[in-house]
Amino acid sequence: MNIIWVILIAVSIVAAFWTGGLEAVTRAMFDGAKAAVEISLFLLGIVSLWLGITKIIEDSGLIYRISHTFRPLITRLFRTVPPDHPAITSITLNMLANFFGLGNAATPLGIKAMQDLQTLNEDKDSLTFEMMLFIVLNTASVQLIPFTVVGILSDFGSANPSVIVFPTIICTVISAIIAVCVLLIFRILMK
Amino acid sequence: MKTFSFISQLAIPAFILFAVLYGAFKKVRVYDSFVGGARDGIQIIFKIFPYLLAIFVAVKAFQASGAFDLLRQALSGSFAACGIPPEVLSVALIKPLSGSASTAIFIDIVRTTGPDSLASMISAVIIGSAETTFFVLAVYLGAVNIRRTKYLVPVCLIADGVGIIIAIAVVKLMLR
């Protein structure tokens with residue numbers, strides 16, 4: 001992330017110098033700071049909401065039933081996570097939310113999953129393989145129906161907006177599989 | 001399609017209702033549990049905020065600098081040579097950086113090229129099947145305050161690139 005950040009900042013300011021858009025870049029940076037505050041406030045609301053809901057299902061024991069149902073699948077992917085660990089449930093809930101396109105629920109549950117995975121981490125300053133796998137699966141965005149996109153297409157009078165649904169599912173599945181393969185290749189190469 | 005959208009709308013309220021009723025049935029003090037759980041939210045956001053700030057400032061600056069246009073001009077020739085509409089490039093480049101910006105560009109493509117054009121179809125599949133990688137990285141890494149990310153970032157970037165190629169290929173094969 002360090003290199004990416006340096007590149008983004010350096011390229012932006014040099015390019016702005018080149019094209020004479022320095023003022024615009026300065027303004028954009030302050031806009032970005034403002035946007036970060038707005039997104040954080042929004043996240044504060046939904047993250048707290050979902051932490052509240054997950055606490056209820058933890059206290060009532062429902063969480064163990066949910067994780068029990070999906071345990072075979074999730075433990076196969078996340079091998080070093082003990083089957084009774086809360087991370088199994090938060091990963092499951094995050095993936096279900098992603099699958100149904102519920103972004104507002106997926107992000108908070110994903111944050112919880114990362115924190116649950118961190119409790120299993122021996123070196124608190126480095127990512128574990130399970131964390132990387134979890135993030136990679138999230139950035140591949142396995143989603144059943146892309147509602148926003150279909151909505152926009154139909155708003156503009158598409159003949160058949162849902163024609164893109166099947167190709168999208170195929171793409172998302174193939175790219176998720178490839179993403180995991182790339183991760184595995186890197187793991188072997190970096191050993 | 002209607003049924004799917006209905007299920008999706010129903011999912012969250014139904015889940016919350018079930019969670020609350022099940023808790024009450026199991027004699028849990030549901031209200032106190034909720035408040036207790038929600039209390040942790042503010043600490044998490046405190047942790048994530050600096051990461052979000054860093055990424056938003058960099059991404060916004062990058063968008064405003066014109067670097068994006070230079071990159072697009074450099075690449076659009078090779079895109080056109082492969083028979084890919086140049087508009088797709090904008091979506092492909094901006095999607096990992098910003099969700100709202102990519103949606104805005106997508107709306108613009110649909111408006112200018114029509115909702116059933118090849119450019120609209122490919123962009124739609126890219127938006128539907130990709131994720132705003134940098135936002136996910138900032139939030140999820142921020143949540144655990146981890147500095148050493150090993151090889152995660154290159155993996156995500158390679159996966160994004162491959163995902164875009166797959167989206168173009170699948171649309172060309174299936175819809176044209």
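Colleague: Where is B:K150 found?
Modeller: B:K150 is in the loop between α8 and α9 of chain B. Keep in mind that this is a predicted model.

Colleague: What is its phi, then?
Modeller: For B:K150, phi is positive, about 50°. Yet B:K150 is not a glycine.

Colleague: And how many other C-beta atoms lie within 10 Å of B:K150?
Modeller: There are 17. Buried would need 20 or more, and exposed 12 or fewer. So B:K150 is partly exposed.

Colleague: Which residue other than glycine has a phi near 55°?
Modeller: That is B:N145, and the value is positive. B:N145 sits in the loop between α8 (133-144) and α9 (152-175) of chain B. B:N145 has 13 C-beta neighbours inside 10 Å, so B:N145 counts as partly exposed.

Colleague: Switching to B:V35. Where is that one found?
Modeller: In helix α2 of chain B, residues 30-38. B:V35 counts as partly exposed because it has 13 C-beta neighbours inside 10 Å.

Colleague: How many Å apart are B:V35 and B:K150 in space?
Modeller: 37 Å, C-alpha to C-alpha. In sequence, B:V35 and B:K150 are 115 residues apart.

Colleague: How is chain B divided into domains?
Modeller: Domain 1 covers 1-39 and domain 2 covers 40-175. Their C-alpha centres lie 33 Å apart.

Colleague: On to the largest nonpolar core. How many residues does it have?
Modeller: It has 112. A:V136, B:V125 and B:A167 touch the most other members. Helix α3 of chain B, residues 41-65, gives the most to this core, with 14 residues.

Colleague: Why does this core lie between domain 1 and domain 2 of chain B?
Modeller: Because both domains give residues to it.

Colleague: You named B:V125. What is B:V125 in contact with?
Modeller: I'm leaving aside its neighbours within four places in sequence. From chain A, B:V125 is in contact with A:I164, A:P167, A:T168 and A:C171. From chain B, the contacts of B:V125 are B:A167, B:V170 and B:V171.

Colleague: B:A167 again. Which buried residues does α9(B) have?
Modeller: Among them are B:A167, B:V170 and B:V171. B:L152, B:C156, B:D160 and B:G163 are buried in α9(B) too.

Colleague: What covers the buried residues of α9(B)?
Modeller: From chain A, the cover includes α6 and α8. From chain B, it includes α5 (87-94), α7 and α8.

Colleague: How many residues are in α9(B), and what does it reach?
Modeller: α9(B) has 24 residues. It reaches 33 Å from its first C-alpha to its last. That is close to the 34 Å expected at 1.5 Å a residue.

Colleague: What about α8(A), how far does that reach?
Modeller: α8(A) has 25 residues and reaches 36 Å, close to the 36 Å expected. Its buried residues include A:P167, A:T168 and A:C171. Those buried residues of α8(A) pack against α6 and α7 of chain A, together with α7 (118-129) and α9 of chain B.

Colleague: Now the contact between the chains. How many residues are in contact?
Modeller: 87 residues of chain A are in contact with 86 of chain B. On the side of chain A that touches chain B, α2(A) gives the most, with 24 residues. By class, that side has 56 nonpolar, 27 polar and four charged residues.

Colleague: How many helices and strands are in chain A?
Modeller: Eight helices and zero strands. The C-alpha atoms of chain A fill a box of roughly 60 × 50 × 40 Å along the principal axes.

Colleague: What share of chain A is buried?
Modeller: Buried residues make up 44% of the 191 residues in chain A. Take the contacts in chain A with a separation of 6 or more: residues 24 or more positions apart account for 54% of them.

Colleague: Last topic, confidence. What is the average pLDDT of chain A?
Modeller: Chain A averages 87, and 99% of the residues score at least 70.

Colleague: Where in chain A is confidence lowest, and where highest?
Modeller: Confidence is lowest in helix α3 of chain A, residues 62-77, at a mean of 81. It is highest in α6(A), at 92.

Conventions:
Residues are numbered from 1 along each chain as its sequence is written. Chains are lettered from A and ligands numbered from 1 in the order in which they are written. This is a predicted model: local features need pLDDT of at least 70, side-chain atom pairs count only at pLDDT 80 or more; totals for chains, interfaces and linings use all residues. Two residues are in contact if their C-beta atoms, placed from the backbone, lie within 7 Å. Helices (H or I, at least four residues) and strands (E, at least two) are DSSP runs, numbered from the N terminus. Ala, Val, Leu, Ile, Met, Phe, Trp, Tyr, Cys and Pro count as nonpolar, Asp, Glu, Lys and Arg as charged, and the others, Gly among them, as polar. A nonpolar core is a set of buried Ala, Val, Leu, Ile, Met, Phe, Trp, Tyr and Cys residues joined through C-beta atoms within 7 Å. Domain bounds come from an automatic or database domain assignment. pLDDT is the predictor's confidence in each residue, from 0 to 100. The expected span of a helix is 1.5 Å times one less than its number of residues.
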